[in-house]
Amino acid sequence: MGQVVISYFKTAVMDKPDSTTIFDQKGSDQRSASHYRPDIDGLRAVAVLSIFAFHLGLGIFPGGFVGVDIFFVLSGYLVGGQVLAKVRNKTFSITNFYVARLRRIIPALAFFLIIATIVALVVLLPRDLVDYSNSLVAAALFVSNHYFLATSGYFETASELKPLLHLWSLAVEEQFYLMLPLLLYALRAITARTVVVAICAIGFASLVCGQYLLASHPDATFYILPTRFWEFVVGIAAVEFAIPAAKSRWVREALSACGAMLVAGSILAYNSKMPFPAASALVPCVGTAFILAAGNGAQTFVSRVLAIRPLVAIGLVSYSLYLWHWLVIVTFKQHALVSELDNISRIAIVVFAFTMAYISWRFIERPWRDPSVSGRTIFAETTTVGVLALITGLVLGAANGLPARFNSDSVRLARYADDYGTNDMRRGKCYLSSNTSPTFDRLTCLSTTDRKANVLLLGDSHGAHLWSGLQSEFPTINFLQATASGCKPVAVEKAAGEARCTALMRYIFDDYLLRTKVDGVVLAARWKNSDATNVAYTLERLRKLKIPVVLSGPIVEYKASLPRILALAVQRKDPAIIKQGRQAGIAKLDKQYAALAAANNVPYMSPYRTLCPDGRCRVVNAEGTPLQFDYGHLTREGSRVVARGFPLTYVTDAKN
């Protein structure tokens, strides 16, 4: 391993890239500057390392996901800027442009997909292999972003089980490369300077569109090119409106320092719960543009820092590192059945990912950039790779994930993973998840009746998964339902959560319960320690309204999907995997909320103690059906088991 690292630094750093080479950094044509800029490789290193750190779960870089936005700006600066320059000089060739993109993107991607498919065949359960095969087809067609948008959501296959999830950003870049020449062709009748203004106007419209859609369609805003296009335009603007070399050095220094602070601030201060991208992405994007513009023609302190050899070395392999880091993380989590990584695991993942990145860069990327490899050969080879990936994906999907690789009981258990029972939550009507319409069906979900007791089930997905069991086990109760994913059922004025959540809870507490008589309320959510104060306040508010309340506590949780844990425990003939896969700390949290209920004199229901009465947890029913379909949500069978323990007889007795 030491020899690999030494060889890497000698090759990548000691030998400075040829300044006349067109494709020397992630396919970026560095002729937008008059000479090779090592600080751009340093920026690429910052981008890929921040993404890597974020995916490793390093809490000190909670905004590491903005590395993708840095890459988009760099692509606009380097590729978009070069295209505009060639169009202006009337030397642009659309054929050469597309061949250049294929030369840079496809070889490393093809090598990665071959290894990823082999890993998938060994590691993934049949259902997951079908999902992988679909994502492989999408990757071959460069529409991964649209595929993952279509399959994203609260109960879809867990993201840590999708080896090709990160290719969504590569698809966005490729779509930009495909669209830019066509856009320029459409604008060919106007002057070159006007073309830049037109593109900037389209970019501004893209930003406004993204901001408008962010609240109602956050997933689409994240994944699709029309709401990301403006980020590439920021890079183009950094080329077209860069500060001339004759300007004051101190202006450059101030601009680059400001840019560095914006980039670093977003990496350190942003988090995955904030609305993103749209206006929030302006900070890292503008910061990147400032650094690029300030260093265009002369060095600054920031550019010299970014040009240090270790960062340049990482920047040179940034494309391959981006490809490999996620697969290594996914494979480790699949094998170890964990959702979070310890430090030893992180170190091993980093070493292996960098090793694979170096191999890919040294033996795949560099040889294919050799000008002796003709454009005709590039086109033929990349077309062949794309067709083979397409066929492989279609065959694996048609084969239903090759279930013969596992024994029949493992395959049966795995079928319950991820979304089994979600229809019983009444998703899209009474349960609002992140990928459903924000419209809540009040008529279906909140209509009371005089013939039965009316009990309102209020909460997040951990409330919604109780509905089928409650309505089945208590036929004399009319269960109303108001639930939304990630939404704590608390009556505080500034509750955290997306608009679909907070608006629903405000309506319930500030309107519905004030004018509608209900016979009881069940509060259920994926509670945390920090929720206790808000829950106590909510219980007090409901007491003043003279509404009986049952507080439902936390449920046993697992480090991975329970059906997957069960399937692999059977496959590996190791029952200890089940206990090892259980999350710690739930019993303590359950006691905290039991004490909270007692202090507020309300009945308490413990899903945790129902499933784990003596420290040993029940995982299947009498028919062998798993009681939970992911890390903690109940199947319909599990919902019935838990519902039987609810203290709701006082409601029916009062009604009768």
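Student: What covers the buried residues of helix 24?
Tutor: Start with the terms. Helices are DSSP runs of H or I with at least four residues, strands are runs of E with at least two, and both are numbered from the N terminus. Buried means under 20% relative accessible area, exposed means over 50%, and partly exposed lies in between, with a 1.4 Å probe and protein chains only. Contact means heavy atoms within 4.5 Å. Here, the cover of the buried residues of helix 24 includes helix 5 (126-140), helix 15 (318-336), helix 18 (408-414) and helix 25 (576-580).

Student: How many residues of helix 24 are buried?
Tutor: Eight of the 11 in helix 24 (residues 562-572), so the rest of the structure largely encloses this helix. They are L562, P563, R564, I565, L566, A567, L568 and A569. Just after helix 24, K573 has a positive phi of about 55 degrees.

Student: What kind of model is this?
Tutor: It is a predicted model: local features need pLDDT of at least 70, side-chain atom pairs count only at pLDDT 80 or more, and totals for chains, interfaces and linings use all residues. Residues are numbered from 1 along each chain as its sequence is written, and side-chain values use heavy atoms, leaving out hydrogens and water.

Student: How many helices and strands are there?
Tutor: The protein has 29 helices and six strands. Of its 656 residues, 55% are buried.

Student: In what order do the strands of the sheet lie?
Tutor: Two strands pair if DSSP finds at least two bridges between them. This open sheet of six strands has the order 1-3-2-4-5-6, and the pairing is parallel. Strand 1 (431-432) and strand 6 (604-605) are at the edges with a single partner strand each, so one side of each has no neighbour in the sheet.

Student: How many bridges join strand 4 to strand 5?
Tutor: Four, between residues 520-524 and residues 549-552, and the two strands run parallel. A524 stands opposite S552 in strand 5.

Student: Which helix lies across strand 4 and strand 5?
Tutor: Axes are lines fitted to C-alpha atoms, for helices over the stretch in contact, and angles run from 0 to 180 degrees between N-to-C directions. Helix 23 (residues 532-544) lies across both strands, at about 175 degrees to strand 4.

Student: Which residue forms a salt bridge with D510?
Tutor: Side chains of opposite charge can pair when their charged atoms come close. The cut-off is a side-chain nitrogen of Lys or Arg within 4 Å of a carboxyl oxygen of Asp or Glu. D510 pairs with R541, with the closest N and O atoms 2.7 Å apart. D510 is in helix 22 (residues 499-515) and R541 is in helix 23, so the pair ties together parts 31 residues apart in sequence. D510 is partly exposed, at 44% relative accessibility.

Student: Where do E540 and R543 lie?
Tutor: Both are in helix 23, three residues apart, about one turn of the helix. E540 is partly exposed, at 28% relative accessibility.

Student: How many salt bridges does the structure hold?
Tutor: It holds 20. Another example is R249 with E253, where the closest N and O atoms are 3.8 Å apart. E253 is buried, with a relative accessible area of 12%.
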